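Student: Could you walk me through how to read a model like this one? I would like the general idea and then the case at hand.

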Amino acid sequence: MSLHADDLPDVLAVAPLTAPPDVSLRPPGSKSITNRALICAALAPGRSTLTGMLFANDTHAMLGAVRALGAGLTVDESAKTVLVDGIDPREASGEVHIDARQSGTTGRFILPAAALRPARGVVDGDPQLRARPFGPLVDALRELGATIEDLDRPGYLPVAATGPVAGGKVALPGHISSQYLSGLLMAGPLMADGLTVELTSPLVSVPYVESTTAVMAAFGVAADGLTVAPQTYRPTEYAIEPDASAASYLLAAAAITGGRVTVEGLGTRSLQGDVRFADLLEQMGARVERGADRITVTGTGELHGITVDMADISDTAQTLAAVAAFADSPTVVTGIDFIRRKETDRIAAIVTELRRAGLDATEDVDGFTVRPGRIAPTDFETYDDHRMAMSLALLGLRVPGIRIRHPRCVSKTYPTYFEDLARL
Ligand SMILES: O=C(O)C1=C[C@@H](OP(=O)(O)O)[C@@H](O)[C@H](O)C1
Ligand SMILES: C=C(OP(=O)(O)O)C(=O)O
């Protein structure tokens, strides 16, 4: 049976490992870096070559989005490569329609880029994305000179954007999502007056903004803090690193099962904050070796609960919850109230599912607590959230009778997840 997302059944049984794993894996390309590179390449007149691409629902959304803006694409999925012929959106004409599907990064990065066009661009998405907040980004773009029409509820998709965007100084809250800031920064160099963002509340997911400016720099655009002067993107050859959030599941598997897993292509040189998930496994008792481009986690048989603020690396909070279920003391995760507005309310979802398995887990104001205990055979709900499916499947590596309902949701960022899990 194929374990690719397209072929998965409605309910997937996870078989416990018969021996601890000892494997080396290269996770697929980073969703976050792929979608940044696609935006920067699309805004760089000339041909860019992107290698190590992730092909998953979120990046297909971005491919469709930049194609709608007029970028030329030559896609070679088997070689994980895309040639992008970039455009200057300020010279575009004609109304365009963009479907961001379920992808927060696509929706929040393409809206500022679409607003640079002096013609109408409609941005919409799946019902799940329509339920996620866009208000701060819409307000900021209006402030910067764009015309944004609410096509349904104010502050939510669908919206229609018409440029130009004059640019200048704008106030933006940081506590809901960092994606608004990343999207504005990437469009910044094409605003006539440049862009300066002043944050009005503490920024979550900070490392993602650092990766934004790093990818912009690779395409020849310099940011000075949260200021970007008018500049031109330069086409380039860009190698996308593997996905660090995807790697969290593989590394967690080693910690949970007392095995050894090496992820290739990620290490101390990574642009992604989520590589720091390995630090948490180390604090819990696993052994971690770090190279420039590889991380190895070895389970020691000991796992202790920790208290940790995960505001910088919240995509790995559900992974940590799964590991915490096997620890010898409680784990408390704080700083992540904003993950209630991701694919689902992730705090409520993870707590509900761990309780379904018999664990004593509780919601806190800005996070959750997991108290380890006996884990019962359970059919887990996944809420159309890829990270619920991928995290909860980890419990099945040790506990018999774990089944994942609607596992195809992993196609959002990691269509080959269950194939990689089987390699353990
Ligand atoms: O910029 C990015 O690539 C991302 C930023 C984070 O979102 P928030 O900034 O909304 O927390 C993260 O959860 C998401 O998966 C990817
Ligand atoms: C929150 C996520 O994605 P996005 O915001 O890009 O939809 C995620 O991948 O966990």
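**Reading a sheet and a helix**

Tutor: Let's start with one pair: L195 stands opposite V228 in β12. This is a predicted model, where local features need pLDDT of at least 70, side-chain atom pairs count only at pLDDT 80 or more, and totals for chains, interfaces and linings use all residues. Residues are numbered from 1 along each chain as its sequence is written.

Student: In what sense do β11 and β12 pair?

Tutor: Strands of a sheet pair through backbone hydrogen bonds, either parallel or antiparallel. Here, strands are DSSP runs of E, at least two residues, and helices are runs of H or I, at least four, numbered from the N terminus; two strands pair if DSSP finds at least two bridges between them. Strand β11 (residues 195–199) and β12 are antiparallel, over two bridges.

Student: What is the strand order of the open sheet?

Tutor: The order is β10-β11-β12, three strands with mixed pairing. β10 (168–172) and β12 (227–228) are the edges, each with a single partner strand, so one side of each has no neighbour in the sheet.

Student: Which residues of helix α9 are buried?

Tutor: Buried means that 20 or more other C-beta atoms, placed from the backbone, lie within 10 Å of the residue's own. In α9 (residues 277–284) these are F277, A278, L280, L281 and M284. They sit on the same side of α9, because they cover an arc of only 155 degrees around the axis, taken from the directions from the helix axis to the C-beta atoms. Just after α9, G285 has a positive phi of about 130 degrees.

Key: Chains lettered and ligands numbered in written order. Buried ≥ 20, exposed ≤ 12 C-beta atoms within 10 Å, placed from the backbone.
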